[in-house]
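Let's take a friendly walk through a protein model. Have the sequence and the 3D view ready, and look up each part as it comes along.

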Amino acid sequence: MNALAAATTTSTGEAFQFWILGTVAVIGALSTVLLKRAVHSALSLAGTMIVLAVFYLANGAYFLGIVQIVVYTGAIMMLFLFVVMLVGVTAADSLKETLKGQRWLALGCSLGFGILLIAGIGNASLSTFNGLGAANTAHGGNVEGLANLIFTKYVFAFEITGALLITATVGAMVLTHRERTERAKTQREMSEERVRGKHLPPLPAPGVYARHNAVDIPGLLPDGTPSELTVMQTLRQRGQIRDVSRQSLADLKALEQRSGERLGREDADAVARGADPASPAENSEAAK
Amino acid sequence: MNPVNYLYLAALLFAIGASGVLIRRNAIVVFMCVELMLNACNLALVTFSRMHGNLDGQIVAFFTMVVAAAEVVVGLAIIVSLFRSRHSASVDDASLMKL
Amino acid sequence: MENLIALLVAAPLLGAAVLLCGGRRLDKTGHWLGTVLAGASFVVGLILFTDMLGKDAEDRALHQHLFSWIPVEGFQADIAFQLDQLSMTFVLLITGVGTLIHIYSIGYMEHDERRRRFFGYLNLFLAAMLILVIADNYLLLYVGWEGVGLASFLLIGFWQHKPTAATAAKKAFLVNRVGDMGLSIAIMLMFTTFGTFAFGPVLESAGETSQGKLTAIGLMLLLAACGKSAQVPLQSWLGDAMEGPTPVSALIHAATMVTAGVYLIVRSGAIFNAAPDAQLVVVIVGAVTLIFGAIVGCAKDDIKKALAGSTMSQIGYMILAAGLGPIGYIFAIMHLVTHGFFKAGLFLGAGSVMHGMNDEVDMRKYGGLRKYMPVTFVTFGLGYLAIIGFPGLSGFFSKDKIIEAAFAKGGTEGWILGSVALLGAAITAFYMTRVMLMTFFGEKRWQPDAEGHEPHPHESPKSMTIPMIVLAFGSVFAGGFFAIGDRFINWLEPVTGYDHGHAPLSAATVTGATVVALVVGVGIAWAMYGRKPVPVVAPRGSVLTRAARRDLLQDDFNHVVLVRGGEHLTRSLVYVDHSLVDGVVNGTAASVGGLSGRLRKMQNGYARTYAVSMFGGTAVVIAATLLMRAV
């Protein structure tokens, strides 16, 4: 607190903290921009935000520091992650630029802008720092001080931000809302449907009898064809089923046929059977 | 150390965020970079607050956070609905107005 | 009495409306209705005339204000009539001759299935012509002026199934348009100069205006007169106008409408008196046309076209007289009236001949018709004697007076004009004698037509001969009646003014010279056409004859100068328009288009590109702000 009050320079501890954490913050920011996967970007950003929260605290903004962690890192970033998951966590961006000259222009602009800002700050006469000691203690603490300002001087802005939040909530609802075109099924109807439908037991799991057990790989039916039923509906609709298609099966078949020919097996039946390695039932029948 | 360094850091973060907005194509990442820029501003505001010795800067930073929260809500909703209709979160794909 | 004036116009106007809108059910009776209404107009004219005679010379003019036509602040146009001695003369001539020609047309158009329409047009013409002569302002006069132009167009092209007639109608309309443009410009000039176009104020204040304006107005009025009265240089339509039915030629293109130009000049006498330059142009136009028409009349074998040339020449006399100023105004009108009688009579006679000769118009295929059509021969002959100025007949008095007036102009000008007028008299005698001899004397030269029908020349029905007889009476006695005791001079003097001029020769000398000219003209014609048979196929003739047969190359002149010139002008204008104007416009459009095509590429639809430009712009703004701070 005394160090803050002194104010033209900071304590050695704070300087140490600044250089260490500042480097971390810059690295986090750069990784946010440069990492391919959105999840990684989000995590880097979260790190940067936590560093910033520490800096807030160091600057005497105790309330904001906590709010930064709770609201930003805790809520907003989680919202981001949520949407990233919704959109597809595995989807990696290609960092190849498609717009001609966009990258250089962007870098030039950002660099120029940053230099301008830094030059502006350097030119400004900011030699004295008053420190927040007096302000924070005037009403008994940082939170009380803020509350005093919010509910007196900034009360209208505060109320208006309330209205803004409501509006944003409504807006988000409207944007993501989909009109229901049919009546929602009751539980009874759903259970009856299930009993009458094809699948009374749970749907088959993905990857069964196949070489993979990932969620996005369809399980294979006894005749070797992949069954889309085994893949989760969301992935199916998103088109994120991994390729174990007839094409790759056909490739395998052709490979086995070629090797069979080389080994001199002329039994067409055997070749045909051999060409279908993914149907173990048939193979076992032939073995009998 | 002079606390002005916080301002330099804020300027640096802001420039990095801006370049991210301009370079990245994934709408979500672009959005994150916008958040980064906002945070850089907040850092500057908090530093100003310390500089002037009153709490007004912190109040403004607080409001920025509130507005940013509202913005995130709406923005993410837009991204979700965009993704729903176009099966893509690339900002370049939302370019129906090009020639 | 004033209230009767509108009736003059109303009667034929009603006739035109009923006949043109009435439809087929009037086919049987329409011509009678038209004739009766024309006659009614004549009767009203007579009543007004007798009333006028009973008053003092100075307050004979009647005025009738019907209603305000265009009542606007600073611009007052009225439907108002003015009937003074000058108008009265015209009214009687128009309605009188008009009625006679209506009667004649009953017989002449008997076999035409569109006779009702013909009478409707005739009535329309009468109404328009009456408006023209009794209007009390130039604007209403212009209405009548255009009205007679319309009627003339409709009647020349009455047989529109003949391409020649349709073309002739168009030609007349177009050439008249040029003159009408002159009249409208004159009216506009009057309005800007005098602030009004009523006769009274304009003519009273004519002397107080600048020479330049008056000359401009006068020349524009002369242009109008040239168009309507077929004077050089707008004379080319009259010959072709003979494609119309003969009664039309008699009424419109001989007796009345073509004299409207003379009326206009005499009516605007105050303007011309104050603008000697314009007056000089008027006499030149008159003199040139006088000789021009006479030469054309000498060479034509078509009887109606020969008469048309004669009409042009006689109107040239009138214009010449009108251009002489107060010396000649009265004689111009006097010749106009007598000419109305004898030329209408001659045309009706020609129509009667054509009627009997299966519509043949070539005089070389007539010959010896006096035995077959005695009445036509006698009436035509009297008209002939009148037009050549045979002593004692109408034309003698009126033409002699004009020649005297021309000499009385004084100076070299007077001598030249007088000589031209005398020469014209000789040529008139020549070509009219030629017409007479070729038509009624000599051997019969007619042949069966292409279908083998031999013409059977016969006298025309009573409805046609009676008007001819009446007009013949007029041809014989009108001139003498007017001239003896200076009746006509006293009658018109209050309106037009009169001046004796300074005659360098005595009246008797001039008369003697006129008679000599007449004898010479007749003698030459007799030598050429009376003593030896007329060839059926026209001989090649001299250069002048061939040129005169082509109307002295007037159409060729118009074609080369106006049509070709116009084509070249428009072509060059089109070229300028295409290369220069369009070049500038298209060039601007192309450069804007090219530029926007380039600029459009900046709009590639990618949000990030826009973001870069926004961000760059922000950077520039901040840089500018910082720089301003630093400075």
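How many salt bridges does the count come to over all chains? By this rule the answer is 18, where a salt bridge is a side-chain nitrogen of Lys or Arg within 4 Å of a carboxyl oxygen of Asp or Glu.

Before going further, some ground rules. This is a predicted model, in which local features need pLDDT of at least 70 and side-chain atom pairs count only at pLDDT 80 or more, while totals for chains, interfaces and linings use all residues. Residues are numbered from 1 along each chain as its sequence is written, chains are lettered from A and ligands numbered from 1 in the order in which they are written, and side-chain values use heavy atoms, with hydrogens and water left out.

**Where chains A and B meet**

Start with chains A and B. Their contact (heavy atoms within 4.5 Å) takes 89 residues from chain A and 69 residues from chain B. The area buried between these two chains is about 7100 Å², and carbon and sulfur atoms give 75% of it. Buried area here is the accessible area (1.4 Å probe) that two parts lose on being put together, summed over both.

Between chain A and chain B the count is 2 salt bridges. Look for Arg50(B) and Glu14(A): their side chains meet in a salt bridge, at 3.2 Å from N to O.

**Where chains C and B meet**

Now move over to chain C. Here 9 residues of chain C are in contact with 14 residues of chain B. About 990 Å² is buried between them, with 65% from carbon and sulfur atoms. Tyr606(C), Arg608(C) and Phe615(C) supply 57% of the area that chain C buries against chain B, more than any other three residues. The count of salt bridges between chain C and chain B is 0, but 2 residue pairs are in polar contact (both at pLDDT 80 or more). Helix α24 (residues 607-630) of chain C gives the largest share of the side that touches chain B, with 4 residues. Helices are DSSP runs (H or I, at least four residues), numbered from the N terminus.

**Helices packing inside chain C**

Here are some helix pairs of chain C. Axes are lines fitted to C-alpha atoms, for helices over the stretch in contact, and angles run from 0 to 180 degrees between N-to-C directions.

| Helix pair | Angle | Axis distance |
|---|---|---|
| α3(C) and α4(C) | about 175 degrees | 10 Å |
| α3(C) and α20(C) | roughly 125 degrees | within 8 Å |
| α16(C) and α18(C) | about 170 degrees | 9 Å |

Angles under 35 degrees count as roughly parallel, over 145 as roughly antiparallel, 65 to 115 as roughly perpendicular and the rest as oblique. So α3(C) and α4(C) are roughly antiparallel to each other, and α16(C) and α18(C) are therefore roughly antiparallel too. The contact of α16(C) with α18(C) divides into 10 nonpolar, 4 polar and no charged residues. As for α3(C) and α20(C), they are oblique to each other. Their contact includes Leu86(C) of α3(C) and Trp491(C) of α20(C).

Arg177(C) forms a salt bridge with Glu146(C), the closest N and O atoms being 2.3 Å apart. Arg177(C) lies in helix α6(C) and Glu146(C) in helix α5(C), so the pair ties together parts that are 31 residues apart in sequence.

Most residues other than glycine have a negative phi, and most peptide bonds are trans. Against that background, a cis peptide bond joins Val232(C) and Pro233(C), with omega about 10 degrees. Pro233(C) is in the loop between α8 (211-229) and α9 (236-240) of chain C. Asp551(C) is not a glycine, yet has a positive phi of about 55 degrees. Find Asp551(C) in the loop between α22 (543-549) and α23 (554-600) of chain C.

Note on methods
Helix = DSSP H or I, 4+ residues; strand = E, 2+ residues; numbered from the N terminus. Polar contact = N/O pair within 3.5 Å; in protein donor to acceptor, adjacent residues only side chain to side chain. Nonpolar A, V, L, I, M, F, W, Y, C, P; charged D, E, K, R; others polar.
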